[in-house]
Each structure stands twice: as C-alpha cells, then as structure tokens.
Amino acid sequence: MSCPALPDGFDFTDPDLLQSRVPLPEFAELRRAEPVRWIPQPGNVAGFRDEGYWAVTRHADVKYVSTHPEIFSSYLNTAIIRFNERIDRDAIDAQRLILLNMDPPEHTRVRGIVQRVFTPRAIRALEERLRNRAQSIVDTARALPGASFDFVTQVACELPLQAIAELIGIPQDDRAKIFDWSNKMISYDDPEYAISEEVGQESAMEVIAYAMNMAADRKQCPAKDIVTTLVAAEDEGNLNSDEFGFFVLMLAVAGNETTRNAITHGMHAFLTHPDQWELYTAERPATAAEEIVRWATPVNSFQRTATQDTELGGKQIKKGDRVGIFYAAANHDPEVFENPDVFDITRDPNPHLGFGGGGPHYCLGKSLAVLEIDLIFNAIAEAMPSLRAAGDPRRLRSAWINGVKELQVTLG
C-alpha cells in the first residue's frame with residue numbers, strides 16, 4: 001500500500017475540522033492505504049499527556065476493537081477521544097463511573113441492571129405515548145409564526161428529551177433543565193456557547209444530583225416506575241444512588257444528544273435528496289431509520305486503550321496506546337456498503353456501526369432511538385411533507401460529536 005496523502009498535522013479529532021465537515025475523503029484515503037495509522041498530537045491537546053493515538057478506519061477493524069474489551073479498554077482513559085489541554089487527570093478518572101467508560105466485569109454487572117429500562121416490553125409501553133408526542137411536536141412547529149424556524153430546537157431535540165422523561169419518570173416540566181445541562185456538557189469546545197470545561201463539569205454534577213434526588217425519593221416512597229425498579233432494593237442487584245446518577249448522566253448525552261443529531265442530519269439528508277423524501281412520504285420503508293443513523297453517525301468516534309502489546313491492521317500497538325475507532329469511516333467502507341456515499345433509505349442489509357461496533361458497549365437504547373426516528377419522520381411526513389431547507393446547517397464544534405446547532409427550515 002502507498003502512504004496516504006494527508007496534510008502534515010492532520011488530526012481526525014480536531015474540533016475546528018469537525019465543525020466544518022466530517023472528513024470522509026481522508027477516511028477513504030486511510031482505508032485504502034493505511035487503515036490503522038498513528039496520528040500525532042503534540043502539546044497535550046487531547047488532555048492525556050501522551051503523543052497521540054491510532055486511527056482505525058475500516059469497518060472490520062472497528063468491530064474487532066469494539067468486541068475485544070480484554071485487549072482494548074474503555075476504562076483506562078475513558079471512551080472520550082479528546083478533552084482539552086486544561087483538563088486534569090482526576091477529572092478524566094472521575095468519568096470512569098459512567099457505564100460508557102467501564103470494562104467487564106463491572107460493566108457487565110451495571111449493564112445487566114440498566115437493561116431493564118430497555119426491554120421490548122418497556123419500549124412497546126412507550127410507543128403510543130411517544131407517537132402522540134411526536135405528532136404534537138410537529139403540529140406545534142407547523143403553527144409557529146414566521147417564514148422559517150429552527151428544526152433543531154423546535155423538532156429534533158424535543159422527542160428524545162420527552163422520551164427520556166417518559167422512560168424514567170422525569171417530570172416533563174423539567175426537560176428544559178436536562179436539555180440545558182446536556183448541551184453544556186458537550187459544548188465546551190464551541191466558543192459560540194462561551195462554556196468552559198468547568199461549566200460542563202458543573203452541569204454534569206447538576207444532572208447527577210437531580211437523578212440522585214429521584215433515587216432517594218423512590219427508596220423512601222417506591223412507585224410503579226422504572227426508577228423504583230432500578231434503585232429500590234440495592235441488596236437485590238439494583239443500582240445505588242451514585243450509579244443511578246451516572247446512568248441518567250449517560251442518558252442525557254447518549255439518549256438525547258445522539259438521537260436529536262440523527263434526526264437533524266436525517267432531515268437535512270431528506271431535504272438535500274428530494275427523491276428520497278418523496279419515496280419516504282409515499283412508502284415509509286421500515287429500513288429508513290437505520291439508513292438515517294448510518295448517514296448521520298452522530299458519534300464520530302470513541303477510543304479504547306490497549307491493555308497489552310497487540311497487532312491491528314498490520315501495525316504494532318503498544319500497551320497503553322490510545323486507539324480511536326471512527327464510526328463515520330466504518331459506515332462508509334465500500335468493502336461493506338455498496339455505494340456508501342449514497343443516501344438510500346431502502347438499503348438492506350445495513351450493518352452500520354452508528355450504534356457502536358458490537359461488543360459490551362453496543363447501544364443499550366437502539367430500539368428506542370429507532371422508534372423515535374420512525375415516529376418523528378412519520379409525523380413530519382404527515383403534517384409537513386413540503387418542508388424545505390432555509391439555510392445550511394450550523395455545525396457544533398466538537399472533537400467527537402457530529403452535532404448540528406441550527407437548521408433553518410420553511411414549510412415551502
């Protein structure tokens with residue numbers, strides 16, 4: 001293989017780069033020529049006081065890393081591939097209490113408990129309420145005065161927030177708090193928000209404290225709800241208050257930010273591929289939600305840390321090296337997807353990695369996310385089939401979230 005032609009200093013986690021675009025051409029170059037490549041990071045830009053990370057871009061390699069936690073740890077340096085040079089190690093290590101950043105066997109124990117939230121029965125119980133909420137969200141947006149409105153704030157963010165509130169019993173009146181806190185937790189890289197790392201950490205503590213208060217209330221006064229199921233009897237294999245707090249923190253990002261960005265990217269894809277929107281409004285193919293997630297890939301990347309010397313893609317990875325798994329690259333791998341750069345809502349099969357690469361960290365809430373995407377686009381197709389773009393999306397400056405801050409649309 002020839003060496004990939006990347007500019008000197010090119011970094012796939014550079015938030016300035018990701019604010020402008022997902023680097024799909026560079027991913028394609030690496031998949032072709034050097035699918036596992038060392039990316040240097042001078043000056044502690046990621047906060048790990050090391051020299052960089054290995055970029056993994058092939059679908060098969062991303063799956064391999066994801067399914068071998070004994071070799072590639074989420075715990076050692078967390079799954080977040082880039083913080084910033086100001087973060088201290090204690091702040092990184094504190095995040096190990098989040099399920100996303102655990103390894104087996106502790107991960108296995110906690111995941112086994114919280115899976116109760118996402119059983120098929122629990123999701124089916126939500127479906128009719130979420131369908132009504134989706135219709136109400138779209139009807140409210142359609143009635144807004146003015147020539148255009150922001151799809152992100154008026155449509156995309158609402159159903160994921162309301163779903164989480166329904167799922168674990170957060171009063172709907174409090175959903176704005178969760179939205180604000182979760183925004184601050186992931187937006188510290190974006191100067192428009194003028195949010196510091198410290199504000200992001202304070203917002204995380206607000207979410208945790210809110211959830212711990214919920215847990216304390218249910219322990220004192222059990223109810224017939226999910227929170228009681230998770231926390232009311234710790235000695236019977238349930239969560240303690242701290243664990244429940246960090247579980248809700250994870251939901252605030254994994255269950256809210258990712259789904260809302262999938263919905264936003266999906267709407268933009270439809271608006272820029274009118275043939276696909278016409279097909280969707282006419283036929284509502286069941287395959288649409290999965291293609292939206294593949295196309296959107298709301299999480300650009302996570303990382304793992306090698307627990308031992310190993311080999312991947314012909315490269316020698318040393319114990320302690322960080323390994324970046326790039327889902328957007330995997331989801332455009334032509335070895336797996338025919339015409340991967342085509343948005344095709346009838347794509348089937350669709351073995352995308354938008355919900356993770358399998359293994360212990362495969363997305364717990366996949367079935368809920370797919371349901372939310374289906375419900376909101378069905379509601380849009382019914383009530384606003386003539387929706388049109390009124391501007392380009394404004395992207396979030398983030399090292400790992402493929403986020404959109406604003407997407408102006410009009411009813412046409």
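Here are some notes on the structure above, point by point.

1. **Ground rules.** This is a predicted model, where local features need pLDDT of at least 70 and side-chain atom pairs count only at pLDDT 80 or more, while totals for chains, interfaces and linings use all residues. Residues are numbered from 1 along each chain as its sequence is written, and side-chain values use heavy atoms, with hydrogens and water left out.

2. **Overall build.** You'll find 16 helices and 12 strands in the chain. Both are DSSP runs numbered from the N terminus: helices are H or I with at least four residues, strands are E with at least two. The C-alpha atoms fill a box of roughly 55 × 55 × 40 Å along the principal axes. For 412 residues, a compact globule would have a radius of gyration near 22 Å, and the chain's 21 Å agrees with that. The radius is taken over C-alpha atoms, and the globule rule is 2.2 Å times the number of residues to the power 0.38.

3. Buried residues account for 57% of the 412. Buried means under 20% relative accessible area, exposed means over 50%, and partly exposed is in between (1.4 Å probe, protein chains only). The accessible surface comes to about 17100 Å², with 51% of that belonging to carbon and sulfur atoms. These areas come from the Shrake-Rupley method with a 1.4 Å probe; for residues, only the protein chains shown count as cover.

4. **Contacts along the sequence.** Take the contacts (heavy atoms within 4.5 Å) between residues at least 6 apart in sequence: 71% of them join residues at least 24 apart.

5. **Charges.** There are 41 positive and 60 negative side chains, and the centres of the two sets lie 2 Å apart. Lys and Arg count as positive, Asp and Glu as negative, and His and the chain ends are not counted. Each charge is placed at NZ of Lys, CZ of Arg, CG of Asp or CD of Glu.

6. **Aromatic pairs.** The structure holds 19 aromatic pairs. Phe-244 and Phe-247 make a tilted one, 6.4 Å centre to centre with 50° between the planes. For the wording: rings of Phe, Tyr and Trp (its six-membered ring) pair if their centres lie within 6.5 Å, and planes under 30 degrees apart count as stacked, over 60 as edge-to-face and the rest as tilted. Phe-244 and Phe-247 both sit in helix α12 (residues 241-272), 3 residues apart, or about one turn of the helix. Both are buried.

7. **A pair that bridges.** Phe-270 and Phe-343 pair edge-to-face, at 5.5 Å centre to centre and 75° between the planes. Phe-270 lies in helix α12 and Phe-343 in the loop between α15 (327-330) and α16 (366-383), so the pair ties together parts that are 73 residues apart in sequence. Phe-270 is buried at 1% relative accessible area, and Phe-343 is buried at 3%. The two also belong to one aromatic cluster with Trp-277, Tyr-280, Trp-295 and Phe-377.

8. **Helix α2.** The buried residues of this helix (residues 24-33) are Glu-26, Phe-27, Glu-29, Leu-30, Arg-31 and Ala-33. They pack against β1 (36-40), β2 (52-56), β8 (322-326) and α15. Leu-24 is also found in α2, but it is partly exposed, with a relative accessible area of 28%. Leu-24 and Ala-329 are 305 residues apart in sequence and 6.7 Å apart in space, C-alpha to C-alpha. Leaving out residues up to four places away in sequence, Leu-24 touches Ala-328 and His-332.

9. Most residues other than glycine have a negative phi, and most peptide bonds are trans. A cis bond joins Pro-104 and Pro-105, with omega about 5°; Pro-105 is in the loop between α4 (89-94) and α5 (106-114). The bond from Asp-348 to Pro-349 is cis as well, with omega near 5°, and Pro-349 is in the loop between α15 and α16. Arg-49 has a positive phi near 55°; Arg-49 lies in the loop between β1 and β2 and is exposed at 58% relative accessible area. Arg-284 has a positive phi of about 50°; Arg-284 lies in the loop between α13 (274-283) and α14 (288-296) and is partly exposed at 23%.
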